[in-house]
Amino acid sequence: MPVAPLSRLSRALTKETTGGALLVAAATVALVWANSPWRESYAAASSFVVGPGALHLDLSLSAWAADGLLAVFFFVVGVELKQELVAGSLRRPAEAAVPVLAAVGGMALPALVFVGVVLLADDAASLAGWAIPTATDIAFALAVLAIFGRGLPRAVRVFLLTLAVVDDLLAIVVIAAFYTGSVDLVALALSLVAVVVFALLARSRRASWWMLLPVAGASWYFMHESGVHATIAGVLLGLSVPARRRHGETETRTHRYERLVRPWAAGVALPLFAFFSAGVTVVDGEGIAAVVAQPVVIAIVAGLFAGKLLGVLGVTALVTRTTPLRLPDGILLRDLVPVAMLTGIGFTVSLLIAGLSFDETGPADAAKLAVLAGSLLSATAAAVSLRVAAARRRRASEPDAAGVR
């Protein structure tokens, strides 16, 4: 029986390589369009307002992409977190400790690099963007690993996945704690009530989508009204999904919901967010030279590339040499060099934080351009390093294979 076209499309969109390619394509189209003779049409599309004003949802398309569509991606992040906490790599603290601490180092050092650069450049006004280089784009990083890291031990991927999941969790905490203004406690309470209702429905014997979607929408709406970034609702909803089999089911609901929602996140939400966020115009005004010369560009690129690399490797080396904690069997510190480079791919979450850090009068365009440059630099370096590491592994296994023959 042939596989239905929609099933094939859904399966393709769940592949890490497909999601990464769509992100790159969407960002490239936006960047080219925003610097073409038709760049005014891109700006008009991004600022086009749609939605009911009575509900305070008359938002621009770019705002809908950042607040609405990105919540779908963060729901998937929340579901992944729940699965890892209950039955995955974060289940046993002793095994998860090294990548968790590496994630903390990989966020702290980039922030320090950013702060140091902007203060040395006497640009204290840009300090609001300190968190921009701390994030890792888990989808993009795993896509690069899948393409260029074939043949590496599975433990390398598990280490990166654990690190990136913790990185996402910490980025969510940063957004909630540092990029939230005044909070409407009543609206926040109503959002949390909706999350509780969603959790109860998700645990019921027949959790139908037509019941879950309106409750999820209500949670998102009240979170948006509260002043807390609306993507936090997506995370909380994902964390509320049960990660153990219930009612005699053959798979957990975290797996089922991730399988259902991931194609929408990878094929629609993330590419559209990248499209509306990456369109930085540098041909107007003083041009690209003036944008690149801003201290925030150097701060973000250095934070993503050098800060992430040194933070992840430095903390890993320190922890494994001064404490009883160890890396998984079969991998050495040198095997984590490409992993540390992959964490410098900030992209989605870094672009989100850049938008939250600066308004239109600040260095928002420079910050977004720096995120793209730093992510591209990290991805390229990681791809080369992964190729070298994979080839080294193959050469090391050849004598064993010859001996078996």
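Mentor: Let's start with glutamate 249 and arginine 253, whose side chains form a salt bridge with an N to O distance of 2.8 Å. Keep in mind as you look that this is a predicted model. Both glutamate 249 and arginine 253 are buried. For glutamate 249, the relative accessibility is 16%, and it counts as buried because the cut-off is under 20%.

Glutamate 249 has another partner too: arginine 256 forms a salt bridge with glutamate 249, and here the closest N and O atoms are 2.7 Å apart. Arginine 256 has a relative accessible area of 23%, so it is partly exposed. There is also a network to look for, in which salt bridges with shared partners join Glu80, Glu258 and Arg262.

Now turn to another pair. Aspartate 167 and lysine 308 meet through their side chains in a salt bridge, at 2.7 Å from N to O. Aspartate 167 is buried, its relative accessible area being 0%. Lysine 308 is buried as well, with a relative accessibility of 0%.

Why can such pairs form? Side chains of opposite charge can pair when their charged atoms come close.

Methods: Residues are numbered from 1 along each chain as its sequence is written. This is a predicted model: local features need pLDDT of at least 70, side-chain atom pairs count only at pLDDT 80 or more; totals for chains, interfaces and linings use all residues. Side-chain values use heavy atoms; hydrogens and water are left out. A salt bridge is a side-chain nitrogen of Lys or Arg within 4 Å of a carboxyl oxygen of Asp or Glu. Buried means under 20% relative accessible area, exposed over 50%, partly exposed in between (1.4 Å probe, protein chains only).
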